[in-house]
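Please read it with the sequence and coordinates open.

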Amino acid sequence: MHLVTVSIDSLTLGQPLPFSLRDAKGTLLAQKGYVIYTRRELESIVGKGFSLFVDVQDAEAHHRAYLNKLNNSVIEDQPLGRIASIKISQNHQDSQRGTTTDGQPDWLDIQVQANTLLRDTSAPSFLARLDRLLQQLQQHSQHNPNGALFALFHLTASEIKLYSATHAMLVSVMCGLAAREVLNWSADLERAVCRAALTMNIGMTDLQDRLALQIAPPTPEQRKHIDLHATRSVQLLQEIGVTEPIWLEAIHHHHQVPPGALASKSEGLRAARLIQRADMFAARLAPRASRVPTSPAAAMQASYFDENRQVDEAGAALIKAVGIYSPGSFVRLNTNEVAIVVQRGINTTTPKVAILINRDGIPMAEPLVRDTASREYRIVASVPHRDVKVQINLQRLLPLTVSGNADRLW
């Protein structure tokens, strides 16, 4: 790693960092994509008398992207004023991003792409970028659904600042899996519900992120914005050219659709009901500055029953698709080992897990995969994310979400 200094004044507040920030020894201070909202917060990261550094490879990659964008603007003969104001966005050249050097999904990068996209609905390329993001999510969730769920549940529980984007991606992937694997919806309806889930909250993206960090209850003005966000989201989409009725109807009703059999509803309302249950489940799992998250099992139970305390068809489909103990959640085994779920099992309560902390409370040097369908390793409880004091390396654990890889590590 070769470090170079970077000026504090060159960083844009309220936007994802274009590269990771480090101290003089290379220690990570803030990862790429992290959003710093205020000067005070930036100064608290840097500390008095310290300088900021970036890896020269990250800086060069960012600079190359900037030059490419500048060059394309000149070729397109854009006005000089617009060219002079160009700033490279974090999701530039989306088609070349979202994967690591070994071809695996780069979920931290995809998270940044989603955050940037949902904060810039006025861009003329919004719909094309949305489709590229949706294509990535569907590709990864079809190729390795365990890995997609693992990454998104982990990011939901660990990254509060990018809550709105991460929440939207998780709800979209959950709905897609339930639509495809359980409800057997058509490919067109599956795509519509995934699109709607990604864009359901674009009318309040910034507010949603701020509320996640806010300790006090929403103000009357914020509450009004929350109440109107579904209508505002539909209006924004219509302004940029969306006319698909299922997509728009699903967003408009995703907080209001009543319970009942899905077959009795229009396709838009079916999609809205599925989004509503997934939205409720994912929101309960996410931490807030004002509260601790609900356990996965409790969140699933809340989604499983409808407002009349009857089994909800959409909620039940989500549980069958994701599992009571979803990939990315923590559990305790009857051996007193603490593990992270890496694969869905033969039923909703018996996933495969990777042991992180042994029965003596000591972190494992290498995770050991167990099948909880075995009585010897059955799950006895969920473990809150905040109670697991082990650093999770996402890229290191993701290979365990693939069946063949996990089996070889038994």
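The points below run from the whole chain to single residues.

1. Basis. This is a predicted model, in which local features need pLDDT of at least 70 and side-chain atom pairs count only at pLDDT 80 or more, while totals for chains, interfaces and linings use all residues. Residues are numbered from 1 along each chain as its sequence is written, and side-chain values use heavy atoms, with hydrogens and water left out.

2. Overall make-up. The chain holds 16 helices and 9 strands; helices (H or I, at least four residues) and strands (E, at least two) are DSSP runs, numbered from the N terminus. Of its 410 residues, 52% are buried. Buried means under 20% relative accessible area, exposed over 50%, and partly exposed in between, with a 1.4 Å probe and protein chains only. Taking contacts (heavy atoms within 4.5 Å) between residues at least 6 apart in sequence, 60% join residues at least 24 apart.

3. Helix H5. Residues 126-143 form this helix of 18 residues, and its span from first C-alpha to last is 26 Å, close to the 26 Å expected at 1.5 Å a residue. The expected span is 1.5 Å times one less than the number of residues. Its buried residues include Phe-126, Leu-130, Leu-133, Leu-134 and Leu-137, but also Arg-129, Gln-136, Gln-138 and His-140. Among the elements covering them are helices H4 (107-118), H6 (145-158), H7 (163-182), H8 (187-199), H10 (220-239) and H11 (245-252).

4. Nonpolar cores. A core here is a set of buried Ala, Val, Leu, Ile, Met, Phe, Trp, Tyr and Cys residues joined through side-chain atoms within 4.5 Å. The largest has 91 residues, and Trp-107, Met-174, Val-193, Leu-274 and Ile-275 touch the most other members. H7 gives the most to this core, with 11 residues. A second, separate core has 12 residues, including Val-6, Phe-19, Leu-21 and Ala-30.

5. Val-193. What does Val-193 contact, leaving aside its neighbours within four places in sequence? The partners are Cys-175, Ala-179, Trp-185, Ala-271, Leu-274 and Ile-275.

6. Cysteines. A disulfide is a pair of cysteine sulfur atoms within 2.5 Å, and by this rule the count is 0. Cys-175 is in no disulfide, the nearest cysteine sulfur being that of Cys-194, 6.9 Å away. Cys-175 is buried, because its relative accessible area is 0%. Cys-194 is likewise in no disulfide, and at 3% relative accessible area Cys-194 is buried.

7. Aromatic pairs. Rings of Phe, Tyr and Trp (its six-membered ring) pair if their centres lie within 6.5 Å; planes under 30 degrees apart count as stacked, over 60 as edge-to-face and the rest as tilted. The whole structure has 2 such pairs. Phe-153 and Phe-281 are edge-to-face because their planes are at 80 degrees, with ring centres 5.9 Å apart. This pair links distant parts of the chain, Phe-153 in helix H6 and Phe-281 in helix H12 (residues 267-285), 128 residues apart. Phe-153 is buried at 4% relative accessible area, and Phe-281 is buried at 1%. Tyr-304 and Phe-305 are also edge-to-face, at 5.0 Å centre to centre and 85 degrees between the planes. Tyr-304 is partly exposed at 29%, and Phe-305 is partly exposed at 22%.

8. Charge over a ring. Arg-288 lies over the face of Tyr-163, 4.4 Å from the ring centre. The rule asks for NZ of Lys or CZ of Arg within 6 Å of the ring centre and within 35 degrees of the ring normal.
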